[in-house]
Amino acid sequence: MKQSICLLGATGSIGDSTLDVIRQHPEKYSLFAVAANTNVDKMVHICRTFRPAVAVMGSAEARDELVRRCEGLNIEFEWGEEAMCAIASAAEVDQVMAAIMGFAGLMPTLSAIRAKKRILLANKESLVTAGKLFMDEIARFNVTLMPIDSEHNAIFQCLPQNENGFSKSHVSKLLLTASGGPFKDWSLADMREVTPAQACNHPNWSMGQKISVDSASLMNKGLELIEACWLFDMSPHDIDVVVHPQSIVHSMVSYKDGSVIAQMGVPDMKVPIAYGMSWPNRITTGVAQLNLMDVATLEFSKPDLERFPNLKLAADAWFIGGTAMAHLNAANEVAVDAFLNNRIGFLDISKINERVLNELPTLAVTNLERVFEGDRIARNLAETIVQSGKYL
Ligand code: NAD
Ligand code: MG
């Protein structure tokens, strides 16, 4: 039967790749609803091309402009978080692609979980911040959670499958690969002078600005470490981060008998997206087959925690537990935004993250209000630190 999709974050990089996969399989997938924040130009194009039933924007102004520019199309236009939650839980929807950037993606994703949709999870920040509550809801509503982050999708593919998706039997470690980002071999002195344009110029992946900066600072790998702990019920002790600059091996699972299973491919997000949408089957993506002779060399090394302290901060946040992960994520969202707006330097991001993580007391995540409160106070503290100009 045809699967009906709700695409949250439709105008972003994951949005582009998801639309491309849907376009290639009109007999298998239809687009019921789309949501985005402010990019009306792109949303007009999506509405004209795909004719979803509902389109939601982040503000009333953006919605009104979209209405004006889509005259004659039989589409319902809405705005705001409540409308995003409504499309994510609509009866017509089978699968929800959660690809909003940052903490803003949490409520619509939870709404989709509670309506028992298949969750295609790109928005790692929602799982990192709400962790236990998120996973409890997945279990309570018996929902299929497909990791879209390429590393986690790879691990999912390398774990033994059972009727619930995967099992951990006989697994000794997860090997989470990291490209190392554009500054992998740079000195601290050079990294101090990095511009937003340089940080957004990732060697292997074309992504949104925030995740590109996170990849350059290794915060992305830190968030992914926490994401892997929640998804696969592991601790950072069970996960080795391995720097692999070619981004051909997307991650690996090491077994007790000495076997290591890797998932490989050309770095293109259409592959994990299509796998998430079609699992337990597979569909074509139009992505080129991997030619190992062209790649020739695969390198692996240890991450440098001195130059990239964010990775260690993420492990610290996991062990502190509770709202610490929401604090770290919120500090990072504020710091990355400040960096992108030339208010702070690249190396200040991890300093701000460290201060917020260390200065705020943490609470157990017993309810959603605590996550939102943790997010709010951490954002305020991070913004105060940015304004003070004293990062350590
Ligand atoms: P992007 O910046 O290209 O797109 C973000 C999308 O979210 C846009 O459609 C934007 O309109 C929407 N958005 C932003 N703020 C919003 C808000 N407040 N309310 C509603 N919509 C909002 O980002 P991206 O690269 O597509 O990444 C999206 C998510 O997927 C992130 O969580 C990222 O970590 C994750 N992810 C991305 C990649 C990748 O290759 N791009 C890989 C793995 C995971
Ligand atoms: Mg990733």
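This is a predicted model: local features need pLDDT of at least 70, side-chain atom pairs count only at pLDDT 80 or more; totals for chains, interfaces and linings use all residues.
Which helices each supply at least two residues of the shell around it? They are H1, residues 13-24, then H6, residues 124-140, and H10, residues 209-217. In total, 28 residues surround ligand 1. If you want the closest ones, click on Gly 12, Asn 37, Ala 104, Met 207 and Gly 208.

H6 packs with H15, which is residues 324-340, and the axes sit 7 Å apart at an angle of about 150°. Anything over 145 degrees counts as roughly antiparallel, so that's what we call H6 and H15. Who's touching whom? On the H6 side it's Glu 125, Val 128, Thr 129 and Gly 131, and they meet Met 325, Ala 326 and Asn 329 of H15. Sorted by class, the residues of this contact come out as three nonpolar, three polar and one charged.

Okay, over to the sheet. It's an open one with four strands, and reading across you get S9-S8-S10-S11, with mixed pairing. Why do S9 and S11 each have a side without a neighbour in the sheet? Because S9, at 239-243, and S11, at 260-264, are the edge strands, and each has a single partner strand. From one strand to the next, the twist averages 20°.

Zooming in on one pair: S8, residues 171-178, runs parallel to S9, and five bridges join the two. If you'd like one bridge to look at, take Leu 175, whose partner in S9 is Asp 240. There's a helix packed on this sheet as well, namely H11, residues 219-232, and it touches both S8 and S9. The direction of H11 makes about 150° with that of S8.

Last stop, a lysine. Lys 42 is in helix H2, which covers residues 40-50. Lys 42 has 15, so it's partly exposed. And if you go looking for Lys 390, that's 348 residues away along the chain, with 39 Å between the two C-alpha atoms.

That's my tour, thanks.

Notes. Residues are numbered from 1 along each chain as its sequence is written. Chains are lettered from A and ligands numbered from 1 in the order in which they are written. Two strands pair if DSSP finds at least two bridges between them. Axes are lines fitted to C-alpha atoms, for helices over the stretch in contact, and angles run from 0 to 180 degrees between N-to-C directions. Two residues are in contact if their C-beta atoms, placed from the backbone, lie within 7 Å. A residue is near a molecule or strand if its C-beta atom, placed from the backbone, lies within 6 Å of it. A residue is buried if 20 or more other C-beta atoms lie within 10 Å of its own, exposed if 12 or fewer, and partly exposed in between; C-beta atoms are placed from the backbone. Angles under 35 degrees count as roughly parallel, over 145 as roughly antiparallel, 65 to 115 as roughly perpendicular and the rest as oblique. Ala, Val, Leu, Ile, Met, Phe, Trp, Tyr, Cys and Pro count as nonpolar, Asp, Glu, Lys and Arg as charged, and the others, Gly among them, as polar.
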